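Welcome! Here is a short briefing to read alongside the sequence and the 3D view.

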Amino acid sequence: MDQAVGDLKQALSCVAETPTVHVEVHQRSGSTAKKEDIKQSVKKLLYRHNIVFGDYTWTEFDEPFLTRNVQSVSIVDTELKVKDSQPINLSMCTIALHIFHLNEDGPTSENLEEETENIIAANHWVLPAAEFHGLWDSLVYDVEVKSHLLDYVMTALLFSDRNVDSNLITWNRVVLLHGPPGTGKTSLCRALAQKLTIRLSSRYRYGQLIEINSHSLFSKWFSESGKLVTKMFQKIQDLIDDKDALVFVLIDEVESLTASRNACRAGTEPSDAIRVVNAVLTQIDQIKRTTTVVQFLVDQNVVQHMAVKALIHSDLT
């Protein structure tokens, strides 16, 4: 437990006594070198370049060992809160090394059988995924949303490790992102899941990202929608039971849940629609109690945003 708390302190720079510089080391796919050997070589590289200005990436190395085994070494996230590059004295900082391999298998589909057809209910990635590599850096905002999200999730995990009483400090590990279509909400969720998997690679062997589209949970057969939801979250629970994995559940277009509930109240939707909404909310409430799960909800309808937040009880919007 103490080691886990120490890892989180290192990952959350505001907790550390000295400034923490995060260094992501992308190990080549065919490399079998031990992480400890890579760490020692990367530390020597950093000591030779004692002063850096902001984020920086090495892709070419003088040392043959690094050339054979490492694709890149990147100093990252120094400019999340400070937009202008500042000189950083690495000898005065705590260096947090995160070594990772990229999974190149691509997504798989989670299918649910319904009568005579299979429904693609979700896409599933094993993280870090090759297709999300570089996505975090490509997202640029005029507010500090990336640093806020990163700090929030790291703090929630720290609370879990410290056994903080949720009755005293309430946190649900649920994040609701809302805004017009095309503003990068889904991409931000994917990038954050990738970033956290790398940041916590010393604690979890890999990450699991399950992306659910709310529309896929509504069956054309009456009374079957609730069963589809239960099947979907049973599959997610199987992933959660793997203690080596950090699990992220992304529910896209979550505003359709609120729309269905409102339509049911108005009498324009069948009662089956309210069943699926209630089933989803119940399942979200159950899995958010698990310390290895982070849930992202994406809402495109700003008008319904407060209704969605009231239903989900999200921590951060």
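Predicted model: local features only at pLDDT ≥ 70, side-chain atom pairs only at ≥ 80, totals over all residues.

Residues are numbered from 1 along each chain as its sequence is written, and side-chain values use heavy atoms, with hydrogens and water left out.

**Confidence**

- The protein chain has a mean pLDDT of 81, and 77% of its residues reach 70 or more; pLDDT is the predictor's confidence in each residue, from 0 to 100.
- Over residues 302-310 pLDDT stays under 50, and for this stretch the model has 19 contacts beyond four places in sequence (contact means heavy atoms within 4.5 Å).

- Helices (H or I, at least four residues) and strands (E, at least two) are DSSP runs, numbered from the N terminus.
- Strand E1 (20-27) is mostly covered, with eight of its eight residues buried; buried means under 20% relative accessible area, exposed over 50%, and partly exposed in between (1.4 Å probe, protein chains only).
- Thr20, His22, Glu24 and His26 are buried on one side of E1, and Val21, Val23, Val25 and Gln27 are buried on the other.
- E1 runs parallel to E6, joined by seven bridges, and valine 21 has isoleucine 95 of E6 as its bridge partner. Two strands pair if DSSP finds at least two bridges between them.
- E1 also runs antiparallel to E4, with six bridges, and here histidine 22 is partnered with valine 76 of E4.

**Helix H2**

- Helix H2 (residues 35-48) has 14 residues, and at 1.5 Å a residue it should span 20 Å, which agrees with the 20 Å between its end C-alpha atoms. The expected span is 1.5 Å times one less than the number of residues.
- Ile38, Ser41, Val42, Leu45 and Leu46 are the buried residues of H2. Seen down the helix axis, they fall within an arc of 140°, so they line one face of H2; the arc is that of the directions from the axis to the C-beta atoms.
- Lys44 and Tyr47 are exposed on the other side of H2.
- The cover over the buried residues of H2 includes E1, strand E3 (56-58), helix H3 (64-69), strand E4 (70-76) and strand E6 (94-100).

**Nonpolar cores**

- The largest nonpolar core has 31 residues, of which Leu127, Leu192, Leu196, Leu209, Phe248 and Phe296 touch the most other members. Such a core is a set of buried Ala, Val, Leu, Ile, Met, Phe, Trp, Tyr and Cys residues joined through side-chain atoms within 4.5 Å.
- Among the elements that give two or more residues to this core are strand E8 (117-127), helix H5 (145-161) and helix H6 (185-199).
- A second, separate core of 26 residues includes Val254, Val277, Ala279 and Val293.

**Backbone features**

- Most residues other than glycine have a negative phi, and most peptide bonds are trans.
- A cis peptide bond, with omega about 0°, joins leucine 127 and proline 128; proline 128 sits in the loop between E8 and H4.
- Aspartate 77 is not a glycine, yet has a positive phi of about 60°. Aspartate 77 is buried, with a relative accessible area of 15%.
- Asparagine 163, also not a glycine, has a positive phi of about 55°. Asparagine 163 is exposed, with a relative accessible area of 62%, and lies in the loop between H5 and E9.
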